[in-house]
Amino acid sequence: MFSRIRKPTPTSLFIYALAITVLAFVFKDIRQLAVIGLVNGFLGIYLGLRRYKWIILLLLLSAWGTFLNALAVSNTGPTLYQFGPITIKEGAIHATIAITLRLTSIAGAALIFFALTKPRDIIRYLESELRIPKGISFAIAYAIRLFPLMQKDYREIQIARMERGFRKTPLSPSDIKSILLPLLSLGYERAIWVGIAAELRGFRLRETRKRKPIFGIPEAFILTLLLLQVILALVPYM
């Protein structure tokens with residue numbers, strides 16, 4: 001999509017992802033969430049499918065977990081399906097769809113941001129154009145660099161679970177817990193040591209260079225895409 005022209009700057013992509021995240025929490029109606037969820041979900045999967053498959057897998061797992069939680073918390077209203085002792089009502093389906101669309105829009109915008117940026121560029125642009133503190137810029141860039149490592153960790157955890165006799169595909173809440181807990185623990189420990197290493201190399205003493213924001217065709221496209229989603233989401237209420 002962006003192969004014939006330069007990619008949007010990390011600043012414009014960061015603002016776009018942040019705006020979509022805010023809209024995902026502001027919008028309450030399913031039709032509004034469907035607009036930003038479908039647009040960003042499709043673009044995010046298209047751009048990040050090769051590099052970030054595990055994020056898409058986690059999104060599917062979160063949808064299943066959301067459904068199980070909705071059965072326990074929001075299973076109200078008319079009955080839609082009956083599977084033996086399990087009764088699925090309208091409230092559970094409505095809550096599952098709304099939360100899944102909200103998560104899809106946020107994850108899709110994040111995938112767009114991750115797929116079109118490089119960690120080193122993120123630090124440089126966010127510091128120089130948006131005046132974001134060095135620590136926050138470094139944390140964002142490190143999070144992107146961490147994704148491939150977490151994908152490797154996920155494969156190793158999956159192999160360890162299979163060797164212990166667990167199913168390969170997590171279906172129950174306990175399966176999801178057995179994956180997320182070690183994954184988050186490894187990521188947290190790795191983040192601590194990376195932070196210590198950065199401080200030992202004089203991260204706080206590094207000077208920040210100032211630059212003028214860049215606005216061209218790619219940035220105009222990102223802004224137009226954002227405004228178009230807002231308009232489509234608000235049209236039914238005008």
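Predicted model: local features only at pLDDT ≥ 70, side-chain atom pairs only at ≥ 80, totals over all residues.
Trainee: At what angle do helix 2 and helix 4 pack?
Mentor: About 40 degrees, with their axes 7 Å apart. Axes are lines fitted to C-alpha atoms over the stretch in contact, with angles from 0 to 180 degrees between N-to-C directions. Helices are DSSP runs (H or I, at least four residues), numbered from the N terminus.

Trainee: Which residues of helix 2 and helix 4 meet?
Mentor: On the helix 2 side, I30, L33, A34, I36, G37, N40, G41, L43, G44, I45, L47 and G48. They meet H94, I97, A98, L101, R102, T104, S105, G108, A109, L111, I112 and A115 in helix 4. Contact means heavy atoms within 4.5 Å.

Trainee: And by class, what is in that contact of helix 2 with helix 4?
Mentor: 14 nonpolar, 9 polar and 1 charged residues. Ala, Val, Leu, Ile, Met, Phe, Trp, Tyr, Cys and Pro count as nonpolar, Asp, Glu, Lys and Arg as charged, the others, Gly among them, as polar.

Trainee: Switch to helix 1. How do the axes of helix 1 and helix 4 cross?
Mentor: At roughly 175 degrees, coming within 9 Å. That makes helix 1 (residues 10-26) roughly antiparallel to helix 4. Helix 4 covers residues 90-115.

Trainee: Who meets whom in helix 1 and helix 4?
Mentor: P10, L13, F14, Y16, A17, I20, T21, A24 and F25 in helix 1 touch R102, S105, I106, A109, I112 and F113 in helix 4. By class, that contact has 12 nonpolar, 2 polar and 1 charged residues.

Trainee: New topic. How many aromatic pairs are there?
Mentor: A whole-structure search gives 3. The F42 and Y46 ring centres are 6.5 Å apart with planes at 15 degrees, so that pair is stacked. Pairing needs centres within 6.5 Å; planes under 30 degrees apart are stacked, over 60 edge-to-face, the rest tilted.

Trainee: Where do F42 and Y46 lie?
Mentor: Both in helix 2 (residues 30-48), 4 residues apart, about one turn. F42 is exposed at 58% relative accessibility, and Y46 is exposed at 53%.

Trainee: And how is the pair of F113 and F114 arranged?
Mentor: Their centres are 5.8 Å apart and the planes sit at 55 degrees, so the pair is tilted. F113 is buried at 4% relative accessible area; F114 is buried at 12%. Buried means under 20%, exposed over 50%, partly exposed in between (1.4 Å probe, protein chains only).

Trainee: Which residues do ring pairs link into a cluster?
Mentor: F14, F113 and F114.

Key. Residues numbered from 1 in each chain as written. Heavy atoms only, no water. Phe/Tyr/Trp six-rings, centres within 6.5 Å; stacked < 30°, edge-to-face > 60°. Helix = DSSP H or I, 4+ residues; strand = E, 2+ residues; numbered from the N terminus. Parallel < 35°, antiparallel > 145°, perpendicular 65-115°, else oblique.
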